[in-house]
Amino acid sequence: MDLLGYIDSKREDHLNELKELLRIPSVSAQAQHKSDIEKAARWIAEKLRAAGLQKVAITPTKIHPLVYGESLEAPGKPTVLLYGHYDVQPAEPLELWTSPAFEPAVRNGNLYGRGTADDKGQVHIHLKALESLRNTSGKLPVNVKVMIEGEEEVGSVSLWDFVQQNRERLKADALVVSDTAMLAKGVPSITYGLRGLNYYELEITGPAQDLHSGVFGGAVPNPITILAETIAKLHDDNFRVAVPGFYDNVAKLSREERKALSSLPWKEKEFRRMVGAPDLCGEKGFTIGERLWVRPTLELNGIWGGYTGEGAKTVIPSTAHAKISTRLVPNQDPARIAKLVEKQIRKLLPKTVKHKFEVLSTGKPWVASYSHPIFQKAIHALETGFGKKAVFIREGGSIPFVTQMHDTFKVPCVLLGFGLPDENAHAPDEHISLENYFGGIKSVAVFYEQLATL
Ligand code: BES
Ligand code: MN
Ligand code: MN
């Protein structure tokens, strides 16, 4: 049977198999899911074997195991390194899911469940594309090395050590990743840029212990007030990040790139609908697209302290906390930015409080040229799966590994995203469009096939 016909004939099987993986709650951030993580790793290993990969191994790491397999049976043909992750974000708040997070369900042409889009569904697209190639032609058309990690959602803690220790083994002509989204439904997209990410935690301490706010209030520092004031000063009135030096090395958008980005079929109305806020805001002087993809940001991810329970409790808390992140763009240096942010916070804080500033993780931005002939193969493959010509986009999210690979191995990185911007990644009711899932399997299978002629 021909490749595309075979893939069509397996739709039901593929979907049912993906549901099996989605039922395993492989949440990397929560210790109680340790055995689920291991189960998911074993599941991936089994499917790699089914796709014809050899030397399949589950390697333990500092936190969660990494699954590796390879098929090197196409002498003289290119070698592709495929990367993805089988771990998922926590499903909480559970009550906001229409159907349970780990009981996959199909509604309105979408498959719902934690990990459907980020990233189990997209990993599965590749597994089934490889298996289909193998089952229709007896072997894989190119050499493939597959690395699926279980720590992506907690910052890929061990990944880079693994890469360093296996440098020779992981050598490839291209890196392929499906862990991003399309610009919009029906618009197949290839991502050539991602923002970097630094994550920080700030703790402010005033009084040595919580105090009665009547007995002490008025004469002592309140850490929550001070935290709020400090945070409010991290942006100016034009929504620029008010950290001296923050924009020093930010690359200017070239005229050509600005033109290319502004001609993308992107709809502001659709974006506003997805956001659902009364109005939008952002850095003055830039379009929404530029704010999302080519400008750096500073965001508050969480802020807490004091009494947040039921009813009233009069208290001046001893501490207040904030989780802060910065999204970075070329040519900002994550280490330098971390220092600048801390310096500014230290400068803003009054002498009445102590503070602890922790850098939880750093990650470099990535932008690359897409002139390598492999991108023509990708365009052709996506056209087969989706009937439309692909566009080249940047994205605001972060995959630190892509930058590391690009810097170290200097290979083209092909990011074929099959998610959608409103697929609720990291949120309740995460889903993947079945059209993208099935179209993805076809596209990826044709892509690997095409790479044999690169
Ligand atoms: N798949 C996402 C990255 C992503 C999302 C890229 C949207 C492009 C568009 C990945 O799983 C993720 O969530 N990354 C985190 C950072 C990571 C270090 C925890 C992110 O971007 O916040
Ligand atoms: Mn992901
Ligand atoms: Mn994610």
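Select Asp-118 to begin: this residue of the predicted model is buried because its relative accessible area is 12%, where buried means under 20%, exposed over 50% and partly exposed in between, with a 1.4 Å probe and protein chains only. Residues are numbered from 1 along each chain as its sequence is written, while chains are lettered from A and ligands numbered from 1 in the order in which they are written. Local features need pLDDT of at least 70, side-chain atom pairs count only at pLDDT 80 or more, totals for chains, interfaces and linings use all residues, and side-chain values use heavy atoms, with hydrogens and water left out.

**The metal site**

Next, display the manganese ions (ligand 2 and ligand 3), which are 3.6 Å apart and are both coordinated by Asp-118. His-85 is in strand β3 (residues 79-85), whereas Asp-118 is in the loop between β5 (110-112) and α4 (120-137), 33 residues apart. Helices (H or I, at least four residues) and strands (E, at least two) are DSSP runs, numbered from the N terminus.

Select His-85 now: is this residue buried or exposed? His-85 counts as buried because its relative accessibility is 0%.

Centre the view on the manganese ion (ligand 2). The protein donors of this ion are His-85 (NE2), Asp-118 (OD), Asp-179 (OD) and Asp-179 (OD), at 2.0 to 2.5 Å from it. Donors are N, O and S atoms within 2.8 Å of the metal (3.2 Å for Na, K and Ca); water is not among the atoms, so sites may look incomplete.

**The second largest pocket**

Move to α7 (255-262) and α9 (288-293), the elements that give two or more residues to the lining of the second largest pocket. What is the volume of the second largest pocket? The volume is about 260 Å³, meaning the space filled by probe spheres set on grid points joined across faces, edges and corners. On a 1 Å grid over the protein atoms alone, a pocket is an open set with protein on both sides within 12 Å along at least five of seven lines, and lining residues have an atom within 4 Å of a point. Select some of the lining residues, including Leu-183, Arg-258, Trp-266 and Glu-290. With five residues, α9 gives the most to this lining.

**The whole chain**

Finally, zoom out to the protein chain, which has 13 helices and 18 strands. Of its 454 residues, 53% count as buried. Along the principal axes, the C-alpha atoms fill a box of roughly 80 × 50 × 45 Å.

Note on methods. 1 Å grid on protein atoms, 1.4 Å probe; cavity = no way out; pocket = protein on both sides within 12 Å on 5 of 7 lines; lining within 4 Å.
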